[in-house]
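Dear colleague,

Please find the structure below for your records. My notes on what was found in it follow directly after.

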Amino acid sequence: MPELPEVEAIARTLRPFVEGRTIERCRVIHPIAAAGMSGKGKQVAAAKLEKNLGGRKIERVERRGKFLILALDSGSAVMHFKFDGQLVWFDGKETCGHIDVALETAHGTLGFVDPRHLGRVQWVASLDEIPGLRTMGVEPLAEEFTAERLAEALAGSRKAVKVCLLDQAKIAGVGNIYSSEALWRARIDPRRPAHRLSETETNRLRRGIVDVLRNALKCCLHPAPNFRDANWWFQGLERILRVYGREEKKCQRCGHRVARMQLGGRGTYWCPGCQK
DNA sequence: ACGGAAACCTGGACGC
DNA sequence: TGCGTCCAGGTTTCCG
């Protein structure tokens with residue numbers, strides 16, 4: 001579920017728990033969580049994860065797109081939450097619930113949880129080994145995400161602009177919710193071919209992406225993630241959503257009814273009244 | 001090369 | 001209550 005703002009909030013909140021600490025032991029309880037993104041070779045991958053994380057010091061917690069990265073004194077632990085992945089913190093070595101992977105430190109245990117087992121935890125010597133990271137596009141909250149960079153990302157693609165925004169190789173970390181929201185803010189129809197946006201529209205879209213992500217990040221940090229509560233999840237995001245999940249409700253800008261359609265196989269919300 | 005659809009998994013919501 | 005169906009905020013892979 002988490003998109004860029006959620007993962008960023010997780011990274012910031014996790015830092016004081018693990019930065020500078022040593023993973024005394026890694027236990028893989030559900031091997032599929034250690035497999036490659038395709039799900040193959042899970043037993044080998046699980047053994048590799050336990051071996052390579054054990055004894056490693058966590059030097060930094062970072063985020064790239066929707067990936068959470070624990071930079072170690074040797075290699076990196078790379079996590080992807082997909083739909084339902086979550087982190088849980090236990091103050092001792094005892095864990096409970098359906099933990100997929102446990103990282104034990106002297107101060108407590110970090111658990112990676114995913115009831116659907118689509119999420120992944122992998123160890124790599126170099127981040128380039130993760131295909132999704134190797135090809136990752138520009139970070140939308142970084143300074144280099146200018147209107148020119150966005151125009152470059154959209155140029156040459158006849159796909160619907162909404163589908164382009166979901167392409168992680170173009171822009172990092174934007175998912176199904178915030179792509180719909182950014183297009184609403186920019187007053188652009190999600191079906192518009194990406195390469196046909198005018199300069200003005202591209203500018204508005206950049207603004208829309210940056211604003212919705214910043215807004216969501218603020219929301220995700222107040223209140224901050226609570227890793228000690230297994231039932232915790234981000235609260236209050238619906239307050240900042242203007243179209244996502246609001247099918248049939250009135251558009252807060254023009255009063256037209258919000259519509260839903262399938263675009264690139266994903267549920268897409270938009271306002272036919274003011275998104276042109 | 002490119003776009004579309006299926007696959008990977010499981011739980012929850014909904015209709016009958 | 002029970003069962004079938006559809007849906008899910010992601011990414012990779014397969015197929016035409």
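By class, which residues make up the surface near DNA strand B? That surface has three nonpolar, one polar and two charged residues. Near means that a heavy atom of the residue lies within 4 Å of the strand. In the classes, Ala, Val, Leu, Ile, Met, Phe, Trp, Tyr, Cys and Pro count as nonpolar, Asp, Glu, Lys and Arg as charged, and the others, Gly among them, as polar.

Please note that this is a predicted model, in which local features need pLDDT of at least 70 and side-chain atom pairs count only at pLDDT 80 or more, while totals for chains, interfaces and linings use all residues. Residues are numbered from 1 along each chain as its sequence is written, chains are lettered from A and ligands numbered from 1 in the order in which they are written, and side-chain values use heavy atoms, with hydrogens and water left out.

DNA strand B

The residues around DNA strand B are Ile 32, Pro 115, Arg 116, His 117, Leu 118 and Lys 159. Of the atoms of DNA strand B that come within 4 Å of the protein, 64% belong to sugar and phosphate. A base is also approached: an N or O atom in the side chain of Arg 116 is 3.5 Å from a base oxygen of DNA strand B.

Helix 6

Helix 6 spans residues 176-186; helices here are DSSP runs (H or I, at least four residues) and strands likewise (E, at least two), numbered from the N terminus. Nine of its eleven residues are buried, so helix 6 is largely enclosed by the rest of the structure. Buried means under 20% relative accessible area, with a 1.4 Å probe and protein chains only. These buried residues pack against helix 1 (4-18), helix 5 (161-165), helix 7 (199-221) and strand 10 (266-270). Arg 187, whose phi is positive, near 60°, follows helix 6.

Asn 176 belongs to helix 6 and is buried, with a relative accessible area of 10%. Its side chain makes a polar contact (N or O atoms within 3.5 Å, one able to donate a hydrogen and the other to accept it) with the side chain of Lys 162, at 2.7 Å. Leaving aside neighbours within four places in sequence, the residues in contact with Asn 176 include Glu 3, Tyr 244 and Arg 266, contact meaning heavy atoms within 4.5 Å.

Largest pocket

By class, the lining of the largest pocket has twelve nonpolar, three polar and six charged residues. Helix 6 supplies the largest share of this lining, three residues.

Yours sincerely

Notes. Buried < 20%, exposed > 50% of the residue type's maximum accessible area, 1.4 Å probe, protein only.
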